[in-house]
Amino acid sequence: MRSFSIKNKTSDRLGLGTVQWGKVYGLTNSTGIAKAIDIKKILHDADGSGRIIDTAIAYEKAETILGRQKVCCMNFRLVTKTRPLESSLGSNNEIVKNFRNDFYKSLKKIGIKKVY
C-alpha cells in the first residue's frame, strides 16, 4: 500500500468511505478487500479529528471491521446507511421495525452508541 498523509486544512473536509473494507467493490479494484493492517494505518493517518467515516450494512464486513479497529475510541464522525426501505416487504410497521433492527445491528457491530 502506498504511504500518504492527510493532515492538512483541506483534508479536514474529507470523509473516508469503507465499502472496500468489507467487500470486493469497484470496477478497477484488482486487490479485493483492504487488509486489516492497511485499514489500521489509514485510520491512524486520518487521526480522527472529527472526520467522517461513511459505512453501511450493505458493505458486508465493513462495520464489523470498524468495531475491531476500535473506531469508537477515535475522534471520527460515523455515518451509516440501512438497506433501502423499499426493499422491506410488509406493512409500514414492519418496514420501521426492519429499519430499527438494521440500525441497532450497525451500532452494535461498530461498537458505538450513536452516529453523526
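The model is predicted. Three strands form an open sheet in the order E1-E2-E3, with parallel pairing. A search of the whole structure also finds one aromatic pair.

**The sheet**

- Strands of a sheet pair through backbone hydrogen bonds, either parallel or antiparallel.
- Here the pairing is parallel, and the strand order is E1-E2-E3.
- Strand E1 (15-17) and strand E3 (77-81) stand at the edges. Each has a single partner strand, so one side of each is left without a neighbour in the sheet.
- On average, neighbouring strands of this sheet are turned by 25 degrees against each other, direction ignored.

**Strand pairs**

- E1 and strand E2 (residues 52-56) run parallel and are joined by three bridges.
- Gly17 stands opposite Asp54 in E2.
- Five bridges link E2 and E3, again in the parallel sense.
- Ile52 has Arg77 in E3 as its bridge partner.

**Strand E3 and the crossover**

- In a regular strand the side chains alternate between the two faces of the sheet.
- From E2 the chain crosses through helix H3 (residues 62-68) to E3. This β-α-β crossover is right-handed.

- Glu60 lies in the loop between E2 and H3. Its phi is positive, about 55 degrees, although Glu60 is not a glycine.
- Glu60 has 49% relative accessibility. Buried means under 20% and exposed over 50%, so a residue in between is partly exposed. Glu60 therefore counts as partly exposed.
- Lys70 sits in the loop between H3 and E3. Lys70 also is not a glycine, and has a positive phi of about 60 degrees.
- Lys70 has a relative accessible area of 52%, so this residue is exposed.

**The aromatic pair**

- A pair of aromatic rings is described by the distance of the centres and the angle of the planes.
- The rings of Phe103 and Tyr104 have their centres 5.4 Å apart and their planes at 70 degrees. Planes over 60 degrees apart count as edge-to-face, so this pair is edge-to-face.
- Phe103 is partly exposed, at 23% relative accessibility.
- Tyr104 is exposed, because its relative accessible area is 51%.

Notes. Residues numbered from 1 in each chain as written. Predicted model: local features only at pLDDT ≥ 70, side-chain atom pairs only at ≥ 80, totals over all residues. Heavy atoms only, no water. Pairing = 2+ DSSP bridges. Helix = DSSP H or I, 4+ residues; strand = E, 2+ residues; numbered from the N terminus. Axes fitted to C-alpha atoms, helices over the stretch in contact; angles between N-to-C directions. Phe/Tyr/Trp six-rings, centres within 6.5 Å; stacked < 30°, edge-to-face > 60°. Buried < 20%, exposed > 50% of the residue type's maximum accessible area, 1.4 Å probe, protein only. Right-handed = clockwise from strand over helix to strand, strands pointing away.
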